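Please read them alongside the coordinates.

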Amino acid sequence: MGTDKKTAGDGKDGTKQDKEPPPAPRRFVTMHEGTFRGTKLGYTVTAGETHLVDGDGKPRASLFTFAYVRDGMVDPAKRPVTFLFNGGPGSASLWLHMGAFGPRRIVVPGDGTGAGVGPYEIVDNPHCPLDETDLVFIDPVGTGFSRPLGEVKPEEAWGLDADAGIIADFIKRWLTENKRWASPRYLAGESYGTTRAVAVAGKLQGGLAGVAFNGLALISVILDFHTARFEKGNTLPDVSYLPTYAATAHHYGLIAEPPEERARLLDEVRRFAIEEYAPALLAGSRLEPAKRKRVLKKLARYSGLDEAWLDRSNLRIDPARFRKELLRERGIVLGRFDTRYQGRDYDQVGELPDNDPSAYAIDSAYVSAINDYLDRTLAVEMDRPYAVFNRVALTKWDWHGPRNENQPSWPGYVNVAPELGRIQRENAGVRVLMANGLYDLATPFFAAENTIAGNGIDAARVTMRYYDAGHMMYVHEPSFDALMTDFRALVTGN
């Protein structure tokens, strides 16, 4: 059920206020039952708005969230709660919500083929971890039904620091309203959501905030954006993406190694990337011809690309070019989020793909699923559409963290990885799961490995998992099963 009452009224002195306060937050509460990993239970879903204010008590933001809470808990203080969000930035939480963690999920083909047109199959999700933890899905400002309030402009909420601050404030508010401060706490984010998770955890654990987390689930990890900035003169992305190119080339039969040898092959590529490829790129025009020839030959073997093409590209492989070039002779272009997906462009001679086959293959299914679920299952009735992705938020995103007014603002890039290292040092009990798709060219797995190695993160306290899929590994059923098993292990400690 929902409420939609305006609370505008008179000021304390009896005069009419110049500006009416925002309408009261709307909340829709429904009761459900489900069976999760063999445990039958009842649960309550609260889908609705939470209004946040700034330090002066002025309206700041309205966050729309979905809270799944198990009914009949004997001791809620011992019941874990997990806060989840996607990334973008500019994306709502529907991908994790309807794809993996929610009690109902959309089923799409997991073999790299498209979901086609509706009707789509939305099914009960027995892998939903509600038997182990309550779940709260968060849509950041400008996504879903979330929005700024009062005189706050949307772009004031669109940035690394501002966004993390709003999410952190909501989490504290939720813990207070639901009397859950004693509960074990977890964060789960996907893609930029992994950046957000570390930033939020840092804000809540730092200073006197006093909100430490038991665990972080980082799905398709990007913490150091230097690993993904393909700019002239930056060698780190070329090195970080190479093992994903090799996994893709092997998948399409362009590397003559049997499937059971893939792990050994990828280790071989990792060593080459660090010990030979990186020094060659750093040497640049100083690279000796004989060494260049050796590196070129190996690079062609591991990437599946032609030596002459690699020679002309100065040993560098842009991921968009790779997706267009690898199967050019077959007229096939590959997906960015998942290179197992194939598409066809307007022509076969262009330099870059027209679009991302791994995105348009499933977008309609997920968008249809969340809107149908809101309408028919959760009975949510709002006066505005559910915003799946806000491209304006992405284009206006402030990528800087807090600024020191006493120091000049130098050009730079986002890197929250040192913050994760600090969180580990100051919280001996925090557990970290990093989930990586082998065919992900948005957040490649070797980039995550390089980030761990170079930013003060204790690798021994990070559980690294690899799945035979891409960015959204949960579209692939065996990978989905493995991901949920790994997440449960994070929460239970087993």
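1. The side chains of histidine 97 and tyrosine 68 make a polar contact at 2.7 Å. The model is predicted, and this distance is computed from it.

2. Histidine 97 lies in helix 1, which spans residues 94-101. Its relative accessibility is 0%, so histidine 97 counts as buried; the cut-off for that class is under 20%.

3. Which residues does histidine 97 contact, leaving aside its neighbours within four places in sequence? Tyr68 is among them, together with Phe66, Gly102, Arg104, Phe137, Ile370 and Tyr373.

4. Two of those contacts, Phe66 and Phe137, are also bridge partners of each other, with phenylalanine 137 in strand 7. Strand 3 (residues 59-70) pairs with strand 7 in the antiparallel sense, over five bridges.

5. Strand 7 has a further partner in strand 4 (residues 81-85): these two run parallel and are joined by four bridges.

6. Are the residues of strand 7 buried or exposed? Six of six are buried across residues 134-139, and the strand is mostly covered.

7. In a regular strand, side chains alternate between the two faces of the sheet. In strand 7, Leu135, Phe137 and Asp139 point one way, while Asp134, Val136 and Ile138 point the other, and all are buried.

Definitions and conventions: Residues numbered from 1 in each chain as written. Predicted model: local features only at pLDDT ≥ 70, side-chain atom pairs only at ≥ 80, totals over all residues. Heavy atoms only, no water. Buried < 20%, exposed > 50% of the residue type's maximum accessible area, 1.4 Å probe, protein only. Polar contact = N/O pair within 3.5 Å; in protein donor to acceptor, adjacent residues only side chain to side chain. Contact = heavy atoms within 4.5 Å. Pairing = 2+ DSSP bridges.
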